[in-house]
Amino acid sequence: MKIKRIMVAGGAGFLGSHLCELLLERGHDVICVDNFFTSQKSNIEKLLQRPNFELIRHDITTPIALEVDEIYNLACPAAPGHYQYNPIKTMKTSVLGAINLLNLASECRAKILQASTSEVYGDPEVHPQREDYRGAVNPIGPRACYDEGKRAAETLFMDTHRMKRARVCIARIFNTYGPKTHPFDGRVVSNFIRQALADEPITIFGDGSQTRSFCYYTDLIDGLVRLMENEDKDFVGPVNLGNPNEFTVKELADLVWELLGKEPKYVFKELPVDDPCRRQPDISLARAKLGWEPKVQLREGLTKTIEWFKTIKLDEYRAPTPNY
């Protein structure tokens, strides 16, 4: 196996840190680049002693000069409260970050993966969502900084591909969860587990009938690596990566209480503006092109995530923004 020099932008985040671990286990040299806006140093603390791991504190909205073989771009706040905290910075991270990393990839002749999102589909009118669906996004709404930022990044990646300036690939990531999820990231899985462990009522926005599809982190990371290592130069994506099993938010909350063996308690609040009513990936393309589909189902993955939450001390985590 060829040892590669691999840059992971956003490498100290939830998914980025797990990706760094996997790449190190495979013997590669890994450079983690992160500005620590929403990530935790504790996520990569154990990796700092590894001889083939390097940490650089850097914001990808400004250029960086490195010599690498591959680049994973996972850098961007992903929870609504965090990306809405500084929406202009969020847009800059997606757009300027993509430009800077694509330029780096071009200079190094490196392959680069864009971690896009199911949010490019907006509040979808097509269900489940296929990659050829163009989405229903509000370009002037409070979520637009993230949704449109990621859509613009996909445009930059595809134009780079058509201009043959760099080898690119695009993954559209659906809801992902697991150990090392930031307890204050504002997403439903971490919110529900944190509240239930504290015997607080779980907060549900709307009536809980909106749906999501939850993918365990090991499956998602496997999909990203398969996409990066795919040797078909004509296949760049975008490709959906997510678990196609669909659950309502209320069903997720009920399962959290069941796994903790506690009596359910809820408080209902108004649904946020432009919050998607349904979300489910069609993963036919990932199956056909990558031989990929998720293996870990929600009950198993949620059990492992709850056990991890029981081991952490919440006072050692700071909420990244005042929004949570």
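User: What is the handedness of the crossing where helix 5 passes helix 9?

Analyst: Helix 5 passes helix 9 in a right-handed crossing; a crossing is right-handed if the near helix is turned clockwise from the far one by less than a right angle, and left-handed if anticlockwise. This is a predicted model, in which local features need pLDDT of at least 70 and side-chain atom pairs count only at pLDDT 80 or more, while totals for chains, interfaces and linings use all residues. Residues are numbered from 1 along each chain as its sequence is written, and side-chain values use heavy atoms, with hydrogens and water left out.

User: Why are helix 5 and helix 9 called oblique to each other?

Analyst: The axes of helix 5 (residues 188-197) and helix 9 (residues 298-311) cross at roughly 55 degrees and come within 11 Å. Axes are lines fitted to C-alpha atoms, for helices over the stretch in contact, and angles run from 0 to 180 degrees between N-to-C directions. Angles under 35 degrees count as roughly parallel, over 145 as roughly antiparallel, 65 to 115 as roughly perpendicular and the rest as oblique. Helix 5 and helix 9 are therefore oblique.

User: Which residues of helix 5 and helix 9 meet?

Analyst: Val189, Ser190, Ile193 and Leu197 in helix 5 meet Leu302, Thr305, Ile306, Phe309 and Lys310 in helix 9, contact meaning heavy atoms within 4.5 Å. By class, this contact has six nonpolar, two polar and one charged residues. Ala, Val, Leu, Ile, Met, Phe, Trp, Tyr, Cys and Pro count as nonpolar, Asp, Glu, Lys and Arg as charged, and the others, Gly among them, as polar.

User: What makes helix 3 roughly parallel to helix 4?

Analyst: The axes of helix 3 and helix 4 (residues 144-162) cross at roughly 10 degrees and come within 8 Å. That angle makes helix 3 roughly parallel to helix 4. Their crossing is right-handed.

User: Why do strand 3 and strand 11 stand at the edges of the sheet?

Analyst: Seven strands form an open sheet in the order 3-2-1-4-5-6-11, with parallel pairing; two strands pair if DSSP finds at least two bridges between them. Strand 3 (53-57) and strand 11 (239-241) each have a single partner strand, so one side of each is left without a neighbour in the sheet.

User: How many bridges join strand 4 and strand 5?

Analyst: Strand 4 (residues 70-73) and strand 5 (residues 111-117) pair in the parallel sense over four bridges. Glu70 stands opposite Lys111 in strand 5. Helices and strands here are DSSP runs (helices H or I, at least four residues; strands E, at least two), numbered from the N terminus.
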